Amino acid sequence: MTEQPILIFDSGVGGLTVLREARVLMPDRRFIYIADDAAFPYGNWEEPALNAHLLGLFGQLLERYRPALSVIACNTASTLVIDALREAFPGHLFVGTVPAIKPAAERTRSGLVSVLATPGTVKRQYTRDLIGKWAQKCHVRLVGSTALAGLAEIYMRDGFVDEEAVRAEIAPCFIEQDGRFTDIVVLACTHYPFLVNRMRKTAPWPVDWIDPAEAIARRALSLLEDGRSKEAVELSSNGTDFAVFTSGKTNFATRRLMQGFGLTTS
């Protein structure tokens, strides 16, 4: 018997960046990591179908694992369905992941900010609303990458990545305007921080790369401290942190990766 776990959800392994930070802030908590790899990548879905898929999946996850809180460690899913999830499950705490446009607007000196995201996040009205609210005085370039999330998945599992492919994907983020240069790139996909060293290496000039993982973890901690959820529940994991892949399929590289993050696979 143990207190309710925290559920961290992503379409793939990108949410491990959030898990890493959450463990630092909440070392005594238990975690369940859900990778919806059966539906990866979300960018290929039409919005109504993805919305229905996520609502149905979370109905099953909440009933089965009864977490204290769920972190949607995915910008595409959060910008699409976070409000619908809160409406459908009003008794449950959700923490979403949205592009860190506000801190980028506060930090930039040149006024030129790029948001590097999946095409789904780029086209979402939610993202444009954030720009209108927090970054009216900045020039914000939205860059939708179709390949980076997949490159990050390969890198995390296999340990290598095509640096020229990374260079090509980040190149549109870098602009010069009247002698000013892009100085901040928002990493608006939880997969991308895994590639940030390759991004720094291949970037045409240094920028500040904003990774939202720590802020997401801090938000989860604050909600738990407010709610003080200590309900005891019994899970089949014997008190260990574990990962679930919705495809039901994991290879040796994936299991090794999960073990490196202290997760058993089921």
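Okay, hi everyone. Before anything else, please keep in mind that this is a predicted model.

Let's start with the sheet. Six strands make up an open sheet, and reading across, the order is β5-β4-β2-β3-β13-β14, with parallel pairing. At the edges you'll find β5, residues 93-95, and β14, residues 264-265, and each of those pairs on one side only. If you're new to sheets, the general idea is that strands pair through backbone hydrogen bonds, either parallel or antiparallel. Look at β3 and β13 as an example: β3 covers residues 31-35, β13 covers 242-245, and 4 bridges join the two, running parallel. Within that pairing, I32 sits opposite F242 of β13.

Now, what packs on this sheet? Helix α1, residues 16-25, does, and it touches β2, β3 and β4, with its direction at about 170 degrees to that of β3. Helix α3, residues 75-88, packs on the sheet as well; it touches β4 and β5, and its direction makes about 165 degrees with that of β5.

Between α1 and β3 there's a loop, and R29 lies in it. So is R29 buried or exposed? It's buried, because its relative accessible area is 11%, and the cut-off for buried is under 20%. The side chain of R29 also reaches the backbone oxygen of Q4, at 2.6 Å.

While we're here, take a look at L57, over in helix α2, which spans residues 47-65. L57 is buried too, with a relative accessible area of 11%. Leaving aside residues up to four places away in sequence, L57 touches F9, D36 and T246. For a sense of scale, L57 and E169 are 112 residues apart along the chain, and their C-alpha atoms are separated by 31 Å.

Next up is strand β6. How many of the 6 residues of β6 are buried? The count is 6 of the 6, so the strand is largely enclosed by the rest of the structure. Both faces are covered: L112, S114 and L116 are buried on one side, and V113, V115 and A117 on the other. As for partners, β6 pairs in the parallel sense with β7, residues 139-144, over 6 bridges. It also pairs in the parallel sense with β10, residues 184-188, over 5 bridges.

The buried residues in α7 are L148, A149, L151, A152, E153, M156 and R157. Remember the general rule that an α-helix has 3.6 residues a turn, so residues three or four places apart point the same way. The cover over the buried residues of α7 includes β6, α8, α9, β13 and α11. Just after α7 comes G159, which takes a positive phi of about 85 degrees.

Last stop, the largest pocket. It holds about 510 Å³ of space. There are 26 residues lining it, and G96, T97, V98, A215 and I216 lie nearest its centre. The elements giving two or more residues to that lining are α3, β5, α4, α6 and α10. Which element gives the largest share of the lining? That would be α10, with 5 residues.

Conventions:
Residues are numbered from 1 along each chain as its sequence is written. This is a predicted model: local features need pLDDT of at least 70, side-chain atom pairs count only at pLDDT 80 or more; totals for chains, interfaces and linings use all residues. Side-chain values use heavy atoms; hydrogens and water are left out. Two strands pair if DSSP finds at least two bridges between them. Contact means heavy atoms within 4.5 Å. Axes are lines fitted to C-alpha atoms, for helices over the stretch in contact, and angles run from 0 to 180 degrees between N-to-C directions. Buried means under 20% relative accessible area, exposed over 50%, partly exposed in between (1.4 Å probe, protein chains only). A polar contact is a pair of N or O atoms within 3.5 Å; within protein, one must be able to donate a hydrogen and the other to accept it, and residues adjacent in sequence count only if both atoms are side-chain atoms. On a 1 Å grid over the protein atoms alone, a cavity is a set of points where a 1.4 Å probe fits but cannot get out, and a pocket is an open set with protein on both sides within 12 Å along at least five of seven lines; lining residues have an atom within 4 Å of a point. Grid points are joined across faces, edges and corners, and a volume is the space filled by probe spheres set on the points.
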